[in-house]
Amino acid sequence: MREITASRITDTVARLCVEVNCHLPQDVKSCINTAYADEPWPIAKEVLGRILENADIAAERSQPICQDTGMACVFVELGQDVHISGDLSEAIHEGVRRGYTDGFLRKSVVRDPLDRVNTGDNTPAMIYYEVVPGDLLKLTVAPKGFGSENMSRIAMLRPSDGLEGVKQFVLDAVMQAGPNPCPPIVVGVGIGGTFDKAALLAKKALLRETGGHNDNPFYAELESELLERINALGIGPQGFGGKTTALAVHILSMPTHIAGLPVAININCHVARHITEVL
């Protein structure tokens, strides 16, 4: 049995919160560079150039890429042969608390959705646990701004809606989102499971390396088709038109009930923040 202290987890989460908010992930930056090179519309090309310039300045100055430093979403893969010395959840919350306070990141969390009083330290974090084989602890910090989060959609489609129904739901969601999620976007799609599980799949899909393909050839082809059709919508970077509305479409699927076809959409803005460390 391998032991990891709660203090080490707190230190790691605090550092990751700052790093992920100040440094555009390299996989995202590569996709934007490719889009910049391929974008024929002058205004769209200029916007993509400004996005890249902003990311470089943020990294050089260790300042946030975006003023919305997001709600801290932390995905935990806990090895079943790991013992945590201390309270794991509280260690993560404390890491977020320190990272957002010491890193001078904007605190955007309110204690109750109706009374709207700010917690003052960006806690609580949204924590998602998965127990896996082994003796490692994998932490992925993915702050979620609500310009994109608010564009999320879920539908309990009928099995008879089939593949075409899924495609249309994704396209409609992106069209309704328009410029609001700060395109070019990354579109996470969750298909199957239950109402709540489909939403989690959509969010987890955003953690994949941006532009990578699903291991299943059927879903890899579907991702490519949806990306092409989304970019044909003409929304473009920041909504100014052009061929670069999305950088990638990522799909995760799982079994579901014979009577259902749950589909969820979770959108990331062009920052698409995610960072992982294994302890």
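The axes of helix α6 (residues 162-177) and helix α8 come within 11 Å and cross at roughly 40°. Axes here are lines fitted to C-alpha atoms, for helices over the stretch in contact, and angles run from 0 to 180 degrees between N-to-C directions. Helices (H or I, at least four residues) and strands (E, at least two) are DSSP runs, numbered from the N terminus.

This is a predicted model, in which local features need pLDDT of at least 70 and side-chain atom pairs count only at pLDDT 80 or more, while totals for chains, interfaces and linings use all residues. Residues are numbered from 1 along each chain as its sequence is written, and side-chain values use heavy atoms, with hydrogens and water left out.

α6 and α8 are therefore oblique to each other; angles under 35 degrees count as roughly parallel, over 145 as roughly antiparallel, 65 to 115 as roughly perpendicular and the rest as oblique. The crossing of α6 and α8 is right-handed, where right-handed has the near helix turned clockwise from the far one by less than a right angle, and left-handed anticlockwise. On the α6 side the contact (heavy atoms within 4.5 Å) includes Leu-163 and Val-170, and on the α8 side Phe-218 and Leu-222.

Among the residues in contact are Ile-9 and Val-13 of α1, with Ile-92 and Val-96 of α4.

Four strands make an open sheet with mixed pairing, in the order β6-β9-β7-β8. Its edge strands, β6 (153-157) and β8 (246-256), each pair on one side only. Two strands pair if DSSP finds at least two bridges between them. From one strand to the next the twist averages 15°. Helix α8 (residues 217-231) packs on this sheet and touches β7 and β8, its direction making about 140° with that of β8. Strands β7 (residues 185-193) and β9 (residues 261-268) pair in the antiparallel sense over six bridges. Opposite Asn-266 in β9 stands Gly-188.

The protein chain has eight helices and ten strands. Its C-alpha atoms fill a box of roughly 50 × 50 × 40 Å, taken along the principal axes.
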